Amino acid sequence: MHNHETELEAAERRIRNIPRCGAAKLARMEESFLQLLQAIGEDPNREGLLRTPTRAARAFEFLTNGYRQSLDDVVNGAIFESDASEIILVKDIELYSMCEHHLLPFIGRAHVAYIPNGKVIGLSKVARLVDVFARRLQIQENLTVQIADALMKTLHPAGVGVVVEAKHLCMMMRGVEKQNSVMKTSCLLGTFKEDARTRSEFLSLLVGT
Ligand SMILES: [Zn+2]
């Protein structure tokens, strides 16, 4: 349907389609960013900053749009009957989230696997599901568990495995950790937790490119 649009057009369409937070909340965020500029000793009236509170509020609206989406909305109509009984892995899902301790981004990739139990979900929906939880204030451990739980709840599969690897700007920019350290978290449920063979198959799928 969207075959002919450019990357930029696709990005703009996604931004248009996010659930908005409403004018009142947007205005409060703008006011907060204005105060933040003043508090750090900036002049909000200098040319480069004139529209910054507005832009920053819009950016925050987008980065937190997961609060305004439900699982049902996202998976709506994309669950299909299937006899498949092998691991289905969606690898390298781009992930952008925000650390709830510092309001700074953490960015990386999610790998989501499950073993169907009669039902499968469209591949692109798995990425949408990751975004629902990533576009909130998060810590990586909770994000990983929430993605796994959501898939479990949606598909009732035999098992779910989620691995998230991410770099945290709150650590990198503040020099807290080695600059390129990647944090890895995982959540294994059902057969991925109970069955050693399933687990090792999952892990070997992650290693291979
Ligand atoms: Zn942080």
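Modeller: Start with a term: donors are N, O and S atoms within 2.8 Å of the metal. Water is not among the atoms, so the site may look incomplete. Keep in mind that this is a predicted model.

The donors of the zinc ion follow the spacing C-x2-H-x67-C along the chain. Cysteine 99 sits in strand S2 (residues 88-99), and cysteine 170 sits in helix H7 (residues 169-172). They are 71 residues apart, so the pair links distant parts of the chain. Now put atoms to the pattern. The protein donors are Cys99 (SG), His102 (ND1) and Cys170 (SG). They lie 2.1 to 2.2 Å from the zinc ion.

Are the two cysteines buried or exposed? Both cysteine 99 and cysteine 170 are buried. Cysteine 99 has a relative accessibility of 5%. It counts as buried because that value is under 20%. Cysteine 21 is buried too, at 15%. How many disulfides does the structure hold? The count is 0. A disulfide is a covalent bond between the sulfur atoms of two cysteines.

Next, look at strand S6 (residues 159-168). This strand is mostly covered, with 9 of its 10 residues buried. Strand S3 (residues 105-115) runs antiparallel to S6, and 10 bridges join them.

Technical notes: Residues are numbered from 1 along each chain as its sequence is written. This is a predicted model: local features need pLDDT of at least 70, side-chain atom pairs count only at pLDDT 80 or more; totals for chains, interfaces and linings use all residues. Side-chain values use heavy atoms; hydrogens and water are left out. A disulfide is a pair of cysteine sulfur atoms within 2.5 Å. Buried means under 20% relative accessible area, exposed over 50%, partly exposed in between (1.4 Å probe, protein chains only). Donors are N, O and S atoms within 2.8 Å of the metal (3.2 Å for Na, K and Ca); water is not among the atoms, so sites may look incomplete. Helices (H or I, at least four residues) and strands (E, at least two) are DSSP runs, numbered from the N terminus. Two strands pair if DSSP finds at least two bridges between them.
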